[in-house]
Amino acid sequence: MALVLTDEMKEAINGALAARVPLLVAANDAQGQPYVSLRGSAQVHSDDQVAMWIRNVDGTTANGIKSNNKVSLFYRNPETRLSFQMQGRAQLVTDKALEDAIWNATPEAERNADADRKGGAMLVDIDRVIQRNQVVLSRD
């Protein structure tokens, strides 16, 4: 079954950094311990994928998804009261054209934080979206 993020969700994700509510990404580190980080570079890549620029491809998130690619992304805007969680499978991007597309779609402030472009792209295939403790979208 196809999973398609709603227009409201897409707009929220793409505008998260500008709204000062970057997405929270939860993954497991290389030792299997939970790890969370804020990602201002998160962007909708397709109807069922979220991409982000990872400044350090040898960092905790990047190394963690190599052994366990399951991640959770959380969006919450206290002003609009919109919140949702996405669960999916992450991968580091190895295709140069796809990496370039994600880099070019990354907000300027995030690109400036990696001005030498030493990082890499991560792509998450979304499997479920949860709102108000209910699965509202699912690939299942």
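In this predicted model, serine 37 touches Leu23, Leu24, Val25 and Thr61, leaving aside residues up to four places away in sequence. Serine 37 belongs to strand β2. Its relative accessible area is 11%; because buried means under 20% relative accessible area, serine 37 counts as buried. The side chain of serine 37 also forms a polar contact, at 3.1 Å, with the side chain of arginine 39.

Strand β2 covers residues 34-39 and also holds valine 36. Together with Leu24, Leu38 and Phe74, Val36 makes a nonpolar surface patch of about 340 Å².

| Helix | Residues | Buried residues |
|---|---|---|
| α1 | 7-14 | Met9, Lys10, Ala12, Ile13 |
| α2 | 60-67 | Thr61, Ala62, Gly64, Ile65 |

The buried residues of α1 line one face of the helix, because they fall within an arc of 165° when seen down its axis. Asp7 and Glu11 are exposed on the other side of α1.

For α2, the view down the axis places the buried residues within an arc of 165°, so they line one face of that helix. On the other side of α2, Lys66 and Ser67 are exposed. The cover over the buried residues of α2 includes strands β1 (23-28), β2, β4 (49-54), β5 (70-77), β6 (82-92) and β7 (120-131).

How values were computed. Residues numbered from 1 in each chain as written. Predicted model: local features only at pLDDT ≥ 70, side-chain atom pairs only at ≥ 80, totals over all residues. Heavy atoms only, no water. Patch = residues over 30% accessible without salt bridge, like charges linked within 9 Å, V, L, I, M, F, W, Y side chains within 5 Å. Areas by Shrake-Rupley, 256 points an atom, 1.4 Å probe, with all protein chains shown as cover. Salt bridge = Lys/Arg side-chain N within 4 Å of Asp/Glu carboxyl O. Helix = DSSP H or I, 4+ residues; strand = E, 2+ residues; numbered from the N terminus. Buried < 20%, exposed > 50% of the residue type's maximum accessible area, 1.4 Å probe, protein only. Arc of directions from axis to C-beta. Polar contact = N/O pair within 3.5 Å; in protein donor to acceptor, adjacent residues only side chain to side chain. Contact = heavy atoms within 4.5 Å.
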